[in-house]
Amino acid sequence: MSTPTIDRLEGSRRTARTEASSRQISRAEGWRRRGPLLPALIFTIIVTQLPFLLTIWYSLHSRNLLRPESDLFVGFSNYLDIARDSTFRQTAWNSVVITLGCVLVAMVLGIVLALLLDRPFFGRSVARTMLITPFLVMPVATSVLWAVALLNPTYGLFNWTLGLFGLEAVDWTSTYPVVSILMALVWQWTPFMMLLVLAGLQAQPKDVLEAASVDGAGTWLTFRLITLPHLRRYIELGVLLGIIYVVNTFDQIYLMTAGGPGTASANLPFYIYQRAFLGFDVGQAAAMGVVVVIATIIVASAALRLIFRSFEVKE
Amino acid sequence: MSVATPVVTPRATNRRFSSGFLTTVTWLLAIGFFFPVAWMAMTAFKQENQAASDPPTWFFTPTLDQFRAVIEGGSMVYVGNSVIATGVSTVLVLLLGVPAAYALSIRPVKKVSDVLFFFISTKMLPVVAVIVPIYVVAGQLKVLDNIWTLVVLYTAMNLPIAVWMMRSFFIEVPGEVLEAASIDGAGLMRTMRSVLLPMVAPGIAATALICVIFAWNEFFFALNLTASQAATVPILIVSTMTSEGLFLARLCAAALLASLPVILAGWIAQKQLVRGLSMGAIK
């Protein structure tokens, strides 16, 4: 715990050692080894994979949540409807904007904050504790806090601050819904990025930094040639995990804008939720779910290759 | 003699100045990021007319009225449900996840990376893609608005994180220790109980912390699968917001109380937090 490193070295050493022996594992030994794994594996398959198979089944049917008996096989017509649905395209685009916007801005801010925190100064641990707090507040609470206490057009703090500078009051969540959601998301996710980058900074080999300073490399040169390449793996990991978590954002959108005005700030999770639980259209919602999963698989297989390179998990 | 008087070069003064400047910037940013939370906490101690005032009220006599209203307003049912959903799912995650991580590290099965790949890929599956069948099946099994439905789903939600994280702790256990234990004649169970588990105990605690945070804060399943019987704390906040009109101070009191357990846990366990959030990749 004390020396933060990524476990690639020990990981590959351990797996290399076991690789040699694994060929001689007998059948009985194989099952003895599999034993501890199976409950978790079977549980995960049942709870996560079976519902997805059902999603595919529903996506080929026309079905209303309120009248489950009205089940009708319709082939691919739900998918054809999606292809014609401009709202689906818009919410898909919103998903991309919200996810990438949040992850990239949070990462830049996180790097800045991590660099600032990686210097000794008075009260450093207090400052760090304050900075990670936004990430710890319940997302439902942060949504309410932003929508009501900060961005409310009449008594929100943002407009009061603008008023101090003589600027017009803005109805944030209806005029700039996506920006409002991004502000709340970036605020919540910056500490996450900061923590990962800070861990990276503190894992820097000190002797290399000293050598650089002895060689007369300035702060900027050291940062660009030594720190940044070292941080790359941490930044990649942060962006990747950030995307996995942020793409599923629902709480902020549900509570801050309800996807509105219209569907201006709805992302795919919110739109599918609307179709299923407010429109009761199971077939459509399921078909959208399938499309989202296919898109996720395409993006994720690239992302997973990255994660596995980062962890260097080998057989 | 020249050594005795330290020479203050312009560069040194410059550095001291810039260091002070950076410290000031850091503190301003820290206060800026923390401010919304502080404002939420402040508002929770106000009367309603002070909470939604224009201009904002900065100085006031703090009151506990809002906390009293939240606690006496039947919030204990929600807290009880959240405690069950969070606590039981975390225990189940550990019971399933620790042995699985063991089977992926110390005495590994074949195809370790395929299994790890499978676990992490379930985290990438958007929840929204499976909510419809889960809702329909739960309805047919008559387990809608049932806290045990959430327990099962939260277990599945956190299990992949726990497997990855615990594996990263098992990998750190030196092989020599386990060899020594087996030479000393300790059987599998005994090695587990008296050698392995004590060594990864901090890892189990860190894993539990992450599972508690995610389960306690979960909103999407709770919103769609519960109504009055099994509603959890996030639902309480939303219902405070919508059903009773806008009571900002009471809303902030509820939000503060709801967030407090995780905030305190995160403050105490900052180091474990990084490792958990990176699923064990960063130590």
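Modeller: Domain bounds come from an automatic or database domain assignment. The model is predicted, with local features needing pLDDT of at least 70 and side-chain atom pairs counting only at pLDDT 80 or more, while totals for chains, interfaces and linings use all residues. Residues are numbered from 1 along each chain as its sequence is written, and chains are lettered from A and ligands numbered from 1 in the order in which they are written.

Colleague: How far apart do the C-alpha centres of domain 1 and domain 2 of chain B lie?

Modeller: In chain B, the assignment gives domain 1 as 10-63 and domain 2 as 67-277. The C-alpha centres of these two domains of chain B are separated by 33 Å.

Colleague: Which element gives the most to the side of domain 1 of chain B that touches domain 2 of chain B?

Modeller: Contact (C-beta atoms, placed from the backbone, within 7 Å) involves nine residues from domain 1 of chain B and eight from domain 2 of chain B. Helices are DSSP runs (H or I, at least four residues), numbered from the N terminus, and those giving two or more residues to the domain 1 side are H1 (10-44) and H2 (48-51) of chain B. With four residues, the element that gives the most is H1(B).

Colleague: How many nonpolar residues are on the side of chain B that touches chain A?

Modeller: Chain B places 88 residues in contact with 86 residues of chain A. Counting Ala, Val, Leu, Ile, Met, Phe, Trp, Tyr, Cys and Pro as nonpolar, the chain B side has 15 polar residues, eight charged residues, and a nonpolar count of 65.

Key. Contact = placed C-beta atoms within 7 Å.
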